[in-house]
Amino acid sequence: MMRAFGWVYMALAYAFIFLPVVTLVLFSFQDGRLPVPPFDGPTLKWYADVLGDSRLTSALVNSLVVGVGSAALSCVLGFLAAYGLARHVLPGSVFMRGVLIAPLTVSYLIIGLGLLIVFNRVGPGPSLWAAGAGHVVINLPLAFAIIYASMGAQQENAERAARDLGASDVKVLALVTVPMLAPAILAAFFLSFTFSWDEFIIAFLLTRFEVTLPVEIWSLLRSGLSPRTNAIGSVVFLVSVVLVVGLELFLFGRKRH
Amino acid sequence: MAGARDTVRGWGFVAPALLWTLAFFVVPFVVMAAMSLATLEGRELIWGVSLENYRRLFGQAYLFRAILVSVEITLTVTVVSVVLAYPLAWIIAFRVPERWQRLALLLAILPFWTSYVVRSYAWLLVLAREGIINKALIGLGLISEPLTLASTRFATVTGFVHFFVMLLTLTIYANLVQLSPNYRRAAIDLGANGWQAFRHVILPLTLPGIVTGAFLTFVLCIGDYITPQILGGNNELTGPQIIMVQLGRGANFPLAAAMSIVLMALVTLAYLAAARWLRLDRI
Amino acid sequence: MTKPTPPRRVQIATATCLALLPCAAQAAESLNALVWCDHTDPALIEPFETANDVKVNRREYEGTATALALLEQSRPGDWDVLVIDSIDVPRVIDAGLMAELPRDQLPLDDFFGTVEMKDSTSRDGKIYAVTDKFGYNTISFNSDKVDPADMQDMATAWSDKYKDRIAIYDYYIPVMGLVAIADGFKTAELTADDLPALKKTLFTMKENARSVGEVVASQTALATGEVDIVVGGGEWLTAVLAEENPNLTWTIPDQGAVRWSEAIGVLAASEKKDLAAKFVEYIVSPEGQARLATSSCYWGMPANRKAGEHLTDAQKSVLRWDEQDNYLKRAQLYPAPDADLDQKMQDVWLEMLQH
């Protein structure tokens, strides 16, 4: 009985999770100007329209670059900080942890507003670089927290063992710590990428002409109702699915052999 | 191990992240806090120490209401999301065979990868008067007239919950599978009378994960502009919507900054509540 | 369980991506334009870009005050072209932000009667901006669901007869202008003293409204039957819907309506004034005007009559081309508040939203 209830619950939950996505994709094939029932179609014209739009495609590339770049930098900075704090006795370490985690407790809008006020007066002014810097601010605490939380006694013992066997510090870091923490680092990377990829408000406030995809989609959305929005949304979804499934097979599939 | 040399090296590891956070988070935040004490005369920005903006936020009913609306929506979303996500994470962790768990999780967070902006828009289409839900309910004969779903607080909350259920399923699942195999085995063996084992063993052990996820939900939700803007139909405004209106129409940075500080204070309260009872400060 | 290998491929991919970052494609020259969304349509911009081997970067903004703040914080050369409410042009001239336009290059003689708005766009005989598009903020509705006769009276259109079937367009200036007209005020003479009266009408309207939304939200609401009336709508809202559902239409009520009007000009701080002026000339040319009129973001009447030669009869009929003389007579311009009244109007609007 409980078991059946569990499966029903799971089915309902997945239905809820996929409902908007299915609707989105379905009406991207709408043969008409309005992406609402009743469904006419299917047609691929909105896809042709969207893929031929250089602004959307360049925004897509911008988003990938900002996402990968900011996630990678977040992971590097986060890993170093986590290692420094977990393996060294530092005065004021509680305070430093607090400072590093602090951006996690602040809304993106507020981080974006602060950076906007500052960048308006000094620095490069609004640009993709500014948005990328903002994305590192939001993802660094995440990467740090995830990696720091998984730095347990297990790894420390292994590190100590390696050191006792004569391995240098760099070797310990590269051959013991990083591999042992790889799941956490990867999780941090993908979570960071996801947050950057999806992030709207910081990118909206901090970019000017070259924008990320969410910002471009926002202006598309504001400019009127059209299955184009469904089409670009579906393209993003498709790219993500391919990416996620590909990584799943590529990164995690290999190690099973 | 705790020599001076070790300390210096430790600093070296921490310094890059710390400097980044200082330059791009602490400094902008201080400038913004100063901005919230400035005033706008005509279009001219007067720096100073004035509480005028805060007086307006708490004194003018329509601004104060935005703060209340934000808090109400955020608390609702946080509670509902946790309650919905926990069983899902549980089922994936303990009911789904281990070799399928990764796939199940992948599916559960796949829509997470669509564009956030588009997802809110998709909910608008789903909840519309002529949308799928109303069509289905009418088709099943459950209602005769379409329900008013879009452009309401319900729509805003639904859009939020959708996003955060995915996020929380992920964090709670991670927490559940980290339980020692003994607990997991116990959990899998839980029968109809397993409630107490859950209540006294599993739940306390997974509480840190829940609270971390719930807190993240609180932070992301209270500062979000898109979801209420697209789904709420502007029938009531949240704090972030007030901020964006101030930026977009009036270039009133001081008032926007003050609203930001108020939202931050709310997050700080939530943090203190969470940290005090659940020792979140361990991370 | 075996240990996963370090994600070296990810690192390589990251490095590659970072290396690619600075080399965004560049045309020989570029113009930076601060505009409304109808001026961002590639179908409008690309012909100019191709003809002049130039990249036109465009950034949208919402309120005039925000554009002013942005321009005043910018460095010389940051911005070349500005699109702004015609009624706000004096504010940017006052701020010394606009450069003079070459009169002999502008086809002002071909413009519809009064739309040039010489008083706003020129000063001391010098032209600082030129009106390029206009239209109406009025009542859009579904003629299948509401009585079109009711729509001729604004007070009926937003009365409780249509409770919960009304959406309000979320921009305070035109809708408050419309309310002012319904209440018997002149939009040009609006003062802070009139606001309590407007507030009362706005509150009534809000009580009967289902939602308050921007362009797409209002369109969605009307197209999906969520609402049957959009206060503040007009040809710009229903033009793209008309093809699908001819019942979605608009009218100018007996009391009148608000006329919106946008103007384009070259910024004084531009370092490419000649190229920028050329862009302005393109926008007001018959071809540019036809493309602007049917821009993907929203449609609107071109200021230049000769655009008609490049528009189809169907497009003209959606724009109500032949009725413009009558409409222009009956509509009043956007209110043009100063900074202080502007702030007060925004406050009233927010109060209405929270009502």
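Two residues are in contact here if their C-beta atoms, placed from the backbone, lie within 7 Å. The model is predicted: local features need pLDDT of at least 70, side-chain atom pairs count only at pLDDT 80 or more, and totals for chains, interfaces and linings use all residues. Residues are numbered from 1 along each chain as its sequence is written, while chains are lettered from A and ligands numbered from 1 in the order in which they are written.

**Domains of chain C**

Chain C is assigned domain 1 (29-134 + 260-325) and domain 2 (135-259 + 333-353). Such bounds come from an automatic or database domain assignment. The C-alpha centres of the two domains are 25 Å apart. Across the boundary, 14 residues of domain 1 of chain C are in contact with 15 residues of domain 2 of chain C. On the domain 1 side, β11 (257-266) and α13 (313-319) of chain C are the elements that give two or more residues. That side holds nine nonpolar, two polar and three charged residues.

Elements are DSSP runs numbered from the N terminus: helices (H or I) have at least four residues and strands (E) at least two.

Burial is counted by neighbours. A residue is buried if 20 or more other C-beta atoms lie within 10 Å of its own, exposed if 12 or fewer, and partly exposed in between. Helix α10 (residues 235-242) of chain C has seven of its eight residues buried, so it is largely enclosed by the rest of the structure. The buried set is E235(C), W236(C), L237(C), T238(C), A239(C), V240(C) and L241(C). These residues pack against β6 (130-142), α9 (215-223), β9 (229-233), β10 (248-251) and α13 of chain C.

E116(C) sits in the loop between α4 (89-94) and α5 (118-121) of chain C. E116(C) counts as buried because it has 21 C-beta neighbours inside 10 Å. Neighbours within four places in sequence aside, E116(C) is in contact with L108(C), F111(C), T121(C) and T131(C).

Two loop residues of chain C deserve a look at their backbone. D164(C) is not a glycine, yet has a positive phi of about 65 degrees. D164(C) belongs to the loop between α6 (154-157) and β7 (166-169) of chain C. With 14 C-beta neighbours inside 10 Å, D164(C) is partly exposed. R320(C), also not a glycine, has a positive phi of about 55 degrees. R320(C) lies in the loop between α13 and α14 (324-330) of chain C. R320(C) is buried, with 20 other C-beta atoms within 10 Å.

**Chains A and B**

Chain A has eleven helices and zero strands. Chain B has twelve helices and two strands. In chain B, the order from the N terminus is α-β-β-α-α-α-α-α-α-α-α-α-α-α.

| Chain | C-alpha span along principal axes |
|---|---|
| Chain A | about 70 × 60 × 35 Å |
| Chain B | about 75 × 70 × 30 Å |

Of the 257 residues in chain A, 51% are buried. For the 283 residues of chain B, the buried share is 48%. Among contacts with a separation of 6 or more, residues 24 or more positions apart account for 73% in chain A. The corresponding share in chain B is 71%.

**Where A meets B**

Here 68 residues of chain B are in contact with 72 residues of chain A. α1(B) gives the largest share of the chain B side, 20 residues. That side divides into 53 nonpolar, nine polar and six charged residues.

One helix pair spans the two chains. Helix α6 (residues 128-149) of chain A packs on helix α1 (residues 4-35) of chain B at an angle of about 135 degrees, with axes 10 Å apart. Axes are lines fitted to C-alpha atoms, for helices over the stretch in contact, and angles run from 0 to 180 degrees between N-to-C directions. The two helices are therefore oblique to each other. Angles under 35 degrees count as roughly parallel, over 145 as roughly antiparallel, 65 to 115 as roughly perpendicular and the rest as oblique. From α6(A), A133(A), V136(A), V137(A), L140(A) and F144(A) meet A17(B), W20(B), T21(B), F24(B) and F25(B) of α1(B). The residues of this contact are nine nonpolar, one polar and no charged.

Note on methods: Nonpolar A, V, L, I, M, F, W, Y, C, P; charged D, E, K, R; others polar.
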